[in-house]
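I went through the pairing of the strands and then the packing of the helices.

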Amino acid sequence: MKTLIFKRGTFMSKVCVIGAGSAGIAACKALHEAGLAFDCFEKSDRVGGNWVFKNKNGISSIYRSLHMNTSKTKMQFSDFPMPDDYPEYPFHEQIADYCDAYVDHFGFRQSIRFSCGVVSAKRTSTGTWEVLAEDGETRTYAHLCVATGRHWHPRIPSPGYPGEFTGVQLHAHQYIDPHDPYDLVDKSILVIGFGNSALDIACELGRKEQNKRLFLSVRRGTWVVPRFFGHGKPADYNIVHPSRAVPFLQRIVPKWWSVRKRVREIEATIGRPEQFGLPKPENEFDFTKAATSQELYNRVGSGDITVKPGVSKLDGTHVLFDDGSREEVDAIIYATGYNIVFPFFDEGIVPAGEKHLSLWKRVSHPQIDNLFFVGFLQPLCAVIPVAEQQSRFIAGVVTGSIALPAAAQRTSECAEASSAVGPAGLASGPYSLHVNCSDYVRELRRTADKLSNGPVAVVGW
Ligand SMILES: Cc1cc2nc3c(=O)[nH]c(=O)nc-3n(C[C@H](O)[C@H](O)[C@H](O)COP(=O)(O)OP(=O)(O)OC[C@H]3O[C@@H](n4cnc5c(N)ncnc54)[C@H](O)[C@@H]3O)c2cc1C
């Protein structure tokens, strides 16, 4: 693989990285390794973003019991393995510590400005970025790399359900444990949603001894994958770590074959969602759209969780469902996802508040050459190793070893890809956040090779 070692400080064009979560530190490391000067601004007093419990940044929030839902070998950085004594699915605290250790190991902590969020980032007439930070200073950068995460701005169904509810309502983002921020013990609870947070929270609150009733409202069917299955291996055992995504694997394992094999394994071990009263999955099996839970079917099969269809109306202390049933509940937890927002940009730079984000190759702004994004996808594998590959690509562009196509071409490629609509009307182009990691990383590398200026590709590839 082609590699270039850059002499530190060779390139004068300074980069600003916003955010030092796991994606932001991947970006910092790639820039550091490429010898590029950069400043990283972080709202919090430490790195790790979402993995920092009770994060002081005031925006990230996770529940007390959270463990990763991707296994450690598939989540780790390619050149910095997680410690041997970490369990297969580490606890949030361990990931936060791992992020800290990564920064110190590669030695770029001095380039991160902690407790110093970015307030605004404005493009000047010459194309540079003026970045105003919470310390009141405005600094100018040649490139901007956004790594602010996409799990901190709660999305509530809009328009809201008709009617009014008089009990407690909260988003999964606010949920810490059965007593915090509300006492949810010995109550009837409705959890709305069918993603990983919905299932974790429903299972945590759904034990009979904890609650009167736990209802789980599911509108659309999806596959459920336990954390361990198939000879006790982690669910993502067969997924290739993105750093090892090589083209020949695609040829020897066709997609239809691995999908069929996975569905058979699921049917033979834990069963299909329909067997537990859940809606039939709308799509063929796809790991990126599957929910992960070891416990869900056990709780449902034990009568601790009652599955309900979509909510049709709120009525004081009651909730009505699409099948005409009506239940009395004390609290509603909306596990209905997150909006992607960039409050530091002027309106129009990046469409905000939407579920999808149009980016060229999911890293570059289609129209603005010096604006990059890391970690804004929903990969089949874990986010960290994909963010690592994106970061190398970005470092390649900034050093000049990769030449971006013209804005017009990037825009037209984005438009083309966005018109490809997948099953069940889900956009499968750049607007969709779902990516198959190996396919995506292969595509990114192919693109880097194609656009490479001379014999050099990207540092570390
Ligand atoms: C409950 C839950 C469970 C999850 N489990 C997994 C899992 O098992 N595996 C997995 O791969 N992913 C998981 N994810 C997704 C997870 O969020 C990402 O893997 C990871 O946190 C992404 O890192 P990030 O750096 O993109 O974002 P974040 O971790 O959110 O980090 C963003 C950083 O940007 C900073 N920031 C934001 N705005 C500003 C600003 N204006 N100025 C300066 N700094 C700013 C924040 O303070 C934060 O430190 C989970 C998400 C949730 C909500």
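I looked up the partner of strand E7 (residues 143–146) and found strand E21 (residues 371–373), joined to E7 by three bridges and running parallel. Leu144 has Leu371 in E21 as its bridge partner. The model is a predicted one.

I then checked which residues of E7 are buried on each face. His143 and Cys145 lie on one side, Leu144 and Val146 on the other, and all are buried, which leaves both faces of E7 covered.

Next I traced the open sheet of three strands and noted the order E4-E5-E6, with antiparallel pairing. Strand E4 (118–123) and strand E6 (138–141) are the edges, each pairing on one side only. I noted an average twist of 25 degrees from one strand to the next. Between E4 and strand E5 (residues 129–133) I found five bridges in the antiparallel sense.

I went on to an open sheet of four strands, in the order E8-E17-E18-E19, where the pairing is mixed. Neighbouring strands here are turned by 35 degrees against each other on average, direction ignored. For strand E18 (residues 318–321) and E19 I recorded an antiparallel run with three bridges. Leu320 has Arg326 in E19 as its bridge partner.

Turning to helices, I asked at what angle H1 and H3 pack. Helix H1 (residues 22–33) and helix H3 (residues 92–106) pack at about 10 degrees, with their axes 11 Å apart. Angles under 35 degrees count as roughly parallel, so H1 and H3 are roughly parallel to each other. From H1, I listed Ser22, Ile25, Ala26, Lys29 and His32, which meet Cys99, Tyr102, Val103 and Phe106 of H3. By class, this contact has six nonpolar, two polar and one charged residues. I kept the general rule in mind: an α-helix has 3.6 residues a turn, so residues three or four places apart point the same way.

Last, I looked at helix H8 (residues 383–399), which has 17 residues. H8 reaches 24 Å from its first C-alpha to its last, close to the 24 Å expected at 1.5 Å a residue. I found H8 mostly covered, with 16 of its 17 residues buried. Just after H8, I noted a positive phi of about 95 degrees at Gly400.

How values were computed: Residues are numbered from 1 along each chain as its sequence is written. This is a predicted model: local features need pLDDT of at least 70, side-chain atom pairs count only at pLDDT 80 or more; totals for chains, interfaces and linings use all residues. Side-chain values use heavy atoms; hydrogens and water are left out. Helices (H or I, at least four residues) and strands (E, at least two) are DSSP runs, numbered from the N terminus. The expected span of a helix is 1.5 Å times one less than its number of residues. Buried means under 20% relative accessible area, exposed over 50%, partly exposed in between (1.4 Å probe, protein chains only). Axes are lines fitted to C-alpha atoms, for helices over the stretch in contact, and angles run from 0 to 180 degrees between N-to-C directions. Angles under 35 degrees count as roughly parallel, over 145 as roughly antiparallel, 65 to 115 as roughly perpendicular and the rest as oblique. Contact means heavy atoms within 4.5 Å. Ala, Val, Leu, Ile, Met, Phe, Trp, Tyr, Cys and Pro count as nonpolar, Asp, Glu, Lys and Arg as charged, and the others, Gly among them, as polar. Two strands pair if DSSP finds at least two bridges between them.
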